[in-house]
Amino acid sequence: RREAMDAATWERIKDHPCYSEDAHHYFARMHVAVAPGCNIQCNYCNRKYDCSNESRPGVVSGRLTPEGALAKVRNVAARLPQLSVVGIAGPGDALFQAERTLKTFELIRAALPDLTLCLSTNGLALPDHVDALKALDIGHVTITINYLDPEIGAEIYPWIFHNHKRWKGVEAARILHERQMEGLERAVEAGVLVKVNSVMIPGINDEHLTEVNTAVRARGAFLHNVMPLISDPAHGTKFGLEGRRGPSPAEIHTLRESLGNDARLMKHCRQCRADAVGMLGEDQCQSIDTMAPAATA
Ligand code: CLF
Ligand code: SF4
């Protein structure tokens with residue numbers, strides 16, 4: 001993979017555990033859960049739990065203020081030498097109450113300038129904030145894109161809240177789609193390394209994700225991460241996706257193969273919680289929360 005990209009790009013991903021598969025063995029990320037609200041409803045989201053933009057349902061994340069987030073980052077940075085990236089990925093949408101997210105990034109950027117900052121969003125509000133993200137040198141943005149066709153989108157998203165108004169059905173899905181594509185294009189234009197996450201939902205968008213892959217690559221997405229829907233009856237029925245099963249590992253594998261299975265496909269995602277801390281797959285959120293604050297914090 002290194003050979004396939006220029007030195008400047010390599011420099012930007014070599015310490016990022018999600019953007020570089022190699023890096024995830026050596027570098028850790030942490031999420032700060034400063035974004036409680038959301039501007040859309042995903043049928044696979046159970047709002048009692050974490051955001052499924054990038055996370056598995058089942059555990060409630062703490063809600064942090066920007067100042068609380070900075071204190072937590074300082075604490076973790078003092079104890080986890082592998083920490084290279086701080087991300088904001090929920091538990092709602094990181095750009096719905098963008099001022100909280102931007103304030104948090106600003107505080108962390110000023111206090112710990114060596115950390116890479118990363119953001120994950122559903123994309124609805126992204127076009128409005130590309131400039132602000134650029135100004136803070138946020139070079140890694142993930143957009144969850146699950147469809148191009150609004151008819152399919154309407155089966156995944158019952159409503160969105162946009163321009164002070166609630167939109168429903170196919171109309172809502174059309175707006176979300178347009179905003180996601182605009183956000184993707186503008187972020188790529190601004191030099192951001194955009195990763196696209198897609199949740200594979202058998203019977204709804206599984207066959208459609210090949211077209212999604214082609215479209216996001218054509219618009220300059222750096223990576224595409226196809227993730228399985230996590231269906232977990234123990235934590236209640238997902239809103240609107242009653243009884244819908246997640247794909248089997250074989251189904252995910254087949255889809256990835258059909259997408260070329262190359263370096264532009266992320267395959268090591270762990271579908272983190274919005275308050276995840278540590279190496280991918282070895283979360284330390286609980287232990288960090290019970291640690292005494294670092295003496296230097
Ligand atoms: Fe977090 Fe996401 Fe940034 Fe990584 S997670 S905001 S890009 S720092 Fe990574 Fe976790 Fe998968 Fe996300 S393994 S869910 S892809
Ligand atoms: Fe839930 Fe995240 Fe979807 Fe919002 S964007 S509805 S928080 S999964």
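This is a predicted model: local features need pLDDT of at least 70, side-chain atom pairs count only at pLDDT 80 or more; totals for chains, interfaces and linings use all residues.
Reader: Which residues is A187 in contact with, beyond its neighbours in sequence?

Author: Leaving aside anything within four places in sequence, they are L126, V130, V141, V192 and V194. To be in contact, two C-beta atoms must lie within 7 Å. For L126 there's a C-alpha figure too: its C-alpha atom is 8.4 Å from that of A187, though the two are 61 residues apart along the chain.

Reader: And T142, is that one buried or exposed?

Author: Buried, because T142 has 27 C-beta neighbours inside 10 Å and the cut-off is 20 or more. T142 lies in strand β5. Its C-alpha atom is 8.3 Å from that of N122, 20 residues away along the chain.

Reader: How do you know that β8 is largely enclosed by the rest of the structure?

Author: Count its residues: eight of the eight in strand β8 (residues 193-200) are buried, so the strand is largely enclosed. Both faces are covered, with L193, K195, N197 and V199 buried on one side, and V194, V196, S198 and M200 buried on the other.

Reader: What makes β5 and β9 count as partners of β8?

Author: Pairing takes at least two bridges. β5 and β8 have five bridges, in the parallel sense, and six bridges join β8 to β9 (residues 223-228), also parallel. Both pairs therefore meet the requirement of at least two. As examples, H140 is bridged to L193 in β8, while M200 has P228 in β9 as its bridge partner.

Reader: Why are β2 and β7 said to stand at the edges?

Author: They belong to an open sheet of three strands in the order β2-β6-β7, paired antiparallel. β2 (40-41) and β7 (165-168) each have a single partner strand, so one side of each is left without a neighbour in the sheet. Strand β6 (residues 159-162) is joined to β7 by four bridges, one of them linking F161 and R166. Helix α6 lies across β2, β6 and β7, at about 110 degrees to β7.

Reader: Which residues meet where α2 packs on α3?

Author: From α2 there are P66, E67, A69, L70, V73 and R74, and these meet R100, K103, T104, L107, I108 and A111 of α3. By class, that contact has seven nonpolar, one polar and four charged residues. The axes of α2 (residues 66-79) and α3 (residues 98-111) are 9 Å apart at an angle of about 35 degrees, and the crossing is right-handed.

Reader: Last one: what makes up the shell around ligand 1?

Author: Seven nonpolar, seven polar and four charged residues. Of the 18 residues around ligand 1, C18, G87, C118, C269 and C272 come nearest. The elements giving two or more residues to that shell are β1 (28-31), β3 (83-88), β4 (116-121) and β5 (140-144).

How values were computed: Residues are numbered from 1 along each chain as its sequence is written. Chains are lettered from A and ligands numbered from 1 in the order in which they are written. A residue is near a molecule or strand if its C-beta atom, placed from the backbone, lies within 6 Å of it. Ala, Val, Leu, Ile, Met, Phe, Trp, Tyr, Cys and Pro count as nonpolar, Asp, Glu, Lys and Arg as charged, and the others, Gly among them, as polar. Axes are lines fitted to C-alpha atoms, for helices over the stretch in contact, and angles run from 0 to 180 degrees between N-to-C directions. A crossing is left-handed if the near helix is turned anticlockwise from the far one by less than a right angle, and right-handed if clockwise. A residue is buried if 20 or more other C-beta atoms lie within 10 Å of its own, exposed if 12 or fewer, and partly exposed in between; C-beta atoms are placed from the backbone.
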